[in-house]
Amino acid sequence: MGGYRMVALVKQVPDTSTKAGVNPDGTVDRARAKRMLNPFDKFGLQKAIEVKNAHGGEIIAITMGPPPAIEILVEALEYGADRCYLLTDRRLAASDTLATAYALHKAVQYVGPADIVFTGLQTTDGDTAQTGPQIAERLNLPQVTYCERLEIKDGKAKARRVVEGGHQWLEAPLPILITVANSASKLEHKRFANVHKVKELLRNKEEMSKRIFTIDLDVIGAESGRTGLVGSPTVVGKTWKLGEIGGSCHMLSGDSPTHNVEHLMLKLKEDNRGVEELIQ
Ligand SMILES: Cc1cc2nc3c(=O)[nH]c(=O)nc-3n(C[C@H](O)[C@H](O)[C@H](O)COP(=O)(O)OP(=O)(O)OC[C@H]3O[C@@H](n4cnc5c(N)ncnc54)[C@H](O)[C@@H]3O)c2cc1C
C-alpha cells in the first residue's frame with residue numbers, strides 16, 4: 001500500500017451535554033455518564049482522512065479505555081479509519097497522563113511504525129493537552145502542537161501552528177506527531193457509504209474482528225508498574241464543584257507576565273492563601 005501510515009488517537013469521554021455523575025470522592029462516575037467520542041479527536045481523525053485522500057495510505061485509530069470505548073472505534077470506522085485497536089486492561093485504571101502516554105506509546109509501537117501520529121488538542125474531561133506531547137517524547141518524534149494546516153511533501157511535513165497572536169510554520173521530516181487544533185478544518189459529516197459499510201460489518205463478527213482488535217498491556221509489552229495508580233505520580237489533592245468556589249474575579253493587568261506573577265504572589269500573600277492551601 002502506498003501513501004502514509006497514520007495513527008489517530010481517540011478517547012471516549014463523558015458526554016458534556018448530559019449531567020455526568022460525580023462519585024462521593026469527587027471522581028467522575030464514568031460508568032453512569034453517557035459517553036461520546038472526544039470532540040477534539042474528530043479534528044485529528046479528519047486531518048488523517050485529508051492526508052489519506054490526498055496521498056493514499058492507511059488510518060489506524062487507537063483508544064485506551066474500558067471495554068465500552070469500543071463504541072468510539074466503531075465511530076472512527078464510520079468516519080473513515082481503516083482499522084482500530086482498543087487497549088483495555090484493569091491495570092490501566094487510574095492512570096494519569098504520564099502512565100497514559102506510556103501505555104499509548106507502547107500501543108503505537110505495537111501497531112507498527114507510523115509516518116504520522118495524530119492526536120486531538122485536548123480532551124473534554126482530563127483537559128490537560130499533555131498526552132500528545134508526552135507520547136512524542138517517548139517515541140522520540142518531532143512534534144507540532146496546535147497544528148491547523150498541514151502539508152506533506154517528499155517525506156516532509158510542513159505545519160502551521162497557532163501561537164498567541166499569530167501563526168508559526170514548522171518543518172520536519174516524517175515520522176512526526178501532530179496535535180490538531182480545532183480551527184484546523186471544518187468537520188465533515190460521516191459519509192453514508194462508510195456508515196453503511198460499518199453497519200454491514202457489525203452484522204458479521206468475523207469481519208468485524210479483522211477491523212477492531214482488542215489488546216492489553218501484555219500484548220503491547222508494557223512493563224509492570226508503569227500504568228494505573230502505581231505508575232501515576234500525580235496526586236489529586238482535592239476536587240470540588242465549581243459552583244462552590246464562589247468569590248469574585250480580580251483581573252491582573254500588569255505590563256509584563258513577570259509583573260503579573262509578582263502581583264499574583266502579592267495578592268495571595270495578602271489574602272494569606274498559598275498554593276498548599278488552595279489544593280488542601
Ligand atoms: C490520579 C488520576 C487518576 C485518574 N484516573 C482515571 C481513570 O481511572 N480513568 C480515566 O479514564 N481517566 C483517569 N484519569 C484521567 C487521565 O489521567 C487522563 O484522562 C488521561 O491521562 C489523558 O489525559 P487528558 O484526558 O488530559 O488528555 P489530553 O492530554 O488533553 O488529550 C490529548 C489527546 O491525547 C489523546 N488521548 C488522551 N487520552 C487518550 C486515551 N485514553 N486513548 C486514546 N487517546 C488519548 C487524544 O487524541 C486527545 O485529544 C486520572 C487522572 C489522574 C490524575
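**Exercise 1.** Which strands does helix H4 lie across, and at about what angle does H4 run to S12?

*Solution.* The model is predicted: local features need pLDDT of at least 70 and side-chain atom pairs pLDDT 80 or more, while totals for chains, interfaces and linings use all residues. Residue numbers start from 1 along each chain as its sequence is written. Helices (H or I, at least four residues) and strands (E, at least two) are DSSP runs, numbered from the N terminus. Helix H4 (residues 131–139) lies across S8, S9 (143–153) and S12 (176–180). H4 runs at about 180° to S12, where angles run from 0 to 180 degrees between N-to-C directions of lines fitted to C-alpha atoms, for helices over the stretch in contact.

**Exercise 2.** State the strand order of the open sheet and identify its edges.

*Solution.* The nine strands follow the order S11-S10-S9-S12-S8-S1-S6-S7-S13, with mixed pairing; two strands pair if DSSP finds at least two bridges between them. S11 (166–173) and S13 (212–215) each have a single partner strand, so one side of each lacks a neighbour in the sheet. S7 (residues 83–87) pairs with S13 in the parallel sense over four bridges, and Cys84 stands opposite Ile212 in S13.

**Exercise 3.** Describe the contacts of Ala76, leaving aside neighbours within four places in sequence.

*Solution.* Contact requires C-beta atoms, placed from the backbone, within 7 Å. Ala76 is then in contact with Ala8, Val10, Leu45, Ala61, Ala81 and Cys84.

Conventions:
Two residues are in contact if their C-beta atoms, placed from the backbone, lie within 7 Å.
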